[in-house]
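Dear colleague,

I am handing over the structure we spoke about, and it is placed directly below. Please have it open while you read the notes that come after it.

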Amino acid sequence: MEKDTPQKDKIRRATLEYLHEFFLARKVKEIKFLTLPGTEWIFERAMRTRFHTYSQHRIITTITACERDYKVFTISAAKMPGSNRILAPRFSDKLNHYVVTNHKEKVYLLHMDVFDLLSMFKDNIKDKRSVFDCIWLDSTNTVISIGRKIEGWENKLAPNAVVILTVLKGREHVKLETDRVTYISNILAKYDLKLVHQWEYFDTSPMLHLIFTKEQQLPELDQIIA
Ligand SMILES: C[S@@+](CC[C@H](N)C(=O)[O-])C[C@H]1O[C@@H](n2cnc3c(N)ncnc32)[C@H](O)[C@@H]1O
């Protein structure tokens, strides 16, 4: 993986290792991953390589990526993994937003807020495209701003789902009655998600990286990082 800040790179590696082990242990052969790749797709590129390369450990990965900033979206579109030519954005009437689709490689980039996507079609449990095995919200928001937007996820998470939140460990604008990890864990507990790993690191600010699953933890992230 490329290095931007060494600690972020370490987080990406550990997360990738964790997810591959997690899904392999559950004999999952195909996953749908929802992510915020920014412009570089560093994690997503590494994930495709890791998950697709070895036939005996292959997990076919469909990547749905959101980017709400149009300028970042256009840069990101030009760097989408899986294509050596630039794919043009088109307007999706269904989503009411611009999208870039690469069906062959199963990579999709949407110019929309990820929480808007998660609240769409939420009553349509038959729409498998909007049920995710893994969601990584890698943002520079605080737990309160993320926590307020998490609602109606009942039909959005596959039975073995993993949800990863990377949040700013900054001062909250509102006083919390519990610590920030308990606050967000209580919100995700409504969807049967339990905190299995918690790591603090410094990128350009202090950050918290939290992994929640619908099951008990496996394997130990600390062992992977060591
Ligand atoms: C921290 S960067 C992503 C970094 C990337 N995952 C990495 O490993 O380097 C977060 C990106 O997500 C976008 N973003 C943040 N919150 C979002 C939201 N709610 N919906 C869509 N995009 C969002 C930001 O504009 C930014 O480009």
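Predicted model: local features only at pLDDT ≥ 70, side-chain atom pairs only at ≥ 80, totals over all residues.

Residues are numbered from 1 along each chain as its sequence is written.

The protein has seven helices and nine strands, where helices (H or I, at least four residues) and strands (E, at least two) are DSSP runs numbered from the N terminus. Of its 226 residues, 29% count as buried; a residue is buried if 20 or more other C-beta atoms, placed from the backbone, lie within 10 Å of its own, exposed if 12 or fewer, and partly exposed in between. Among the contacts with a separation of 6 or more, 69% are made by residues 24 or more positions apart, a contact being two residues whose C-beta atoms, placed from the backbone, lie within 7 Å.

Beyond its neighbours within four places in sequence, Val-162 is in contact with Leu-19, Phe-22, Cys-134, Ile-211 and Thr-213.

Around the ligand there are 18 residues, the closest being Leu-36, Gly-38, Arg-68, Val-114 and Asp-138; a residue is taken as near if its C-beta atom, placed from the backbone, lies within 6 Å of the molecule. This shell is made up of eight nonpolar, three polar and seven charged residues, with Ala, Val, Leu, Ile, Met, Phe, Trp, Tyr, Cys and Pro counted as nonpolar, Asp, Glu, Lys and Arg as charged, and the others, Gly among them, as polar. Helices α2 (42-53) and α4 (114-119) each supply at least two residues of the shell.

Helix α1 (residues 6-25) packs with α2 at an angle of about 35 degrees, their axes being 10 Å apart; axes are lines fitted to C-alpha atoms, for helices over the stretch in contact, and angles run from 0 to 180 degrees between N-to-C directions. From α1 the contact uses Arg-12, Leu-16 and His-20, and from α2 it uses Ile-42, Phe-43, Ala-46, Met-47, Arg-50 and Phe-51. By class, these residues are six nonpolar, one polar and two charged.

Thr-39, in the loop between β1 (30-35) and α2, has its C-alpha atom 6.2 Å from that of Val-72, although the two are 33 residues apart along the chain.

Finally, which residue has a positive phi of about 55 degrees although it is not a glycine? That residue is Lys-27, placed in the loop between α1 and β1, and Lys-27 counts as exposed because 8 other C-beta atoms lie within 10 Å.
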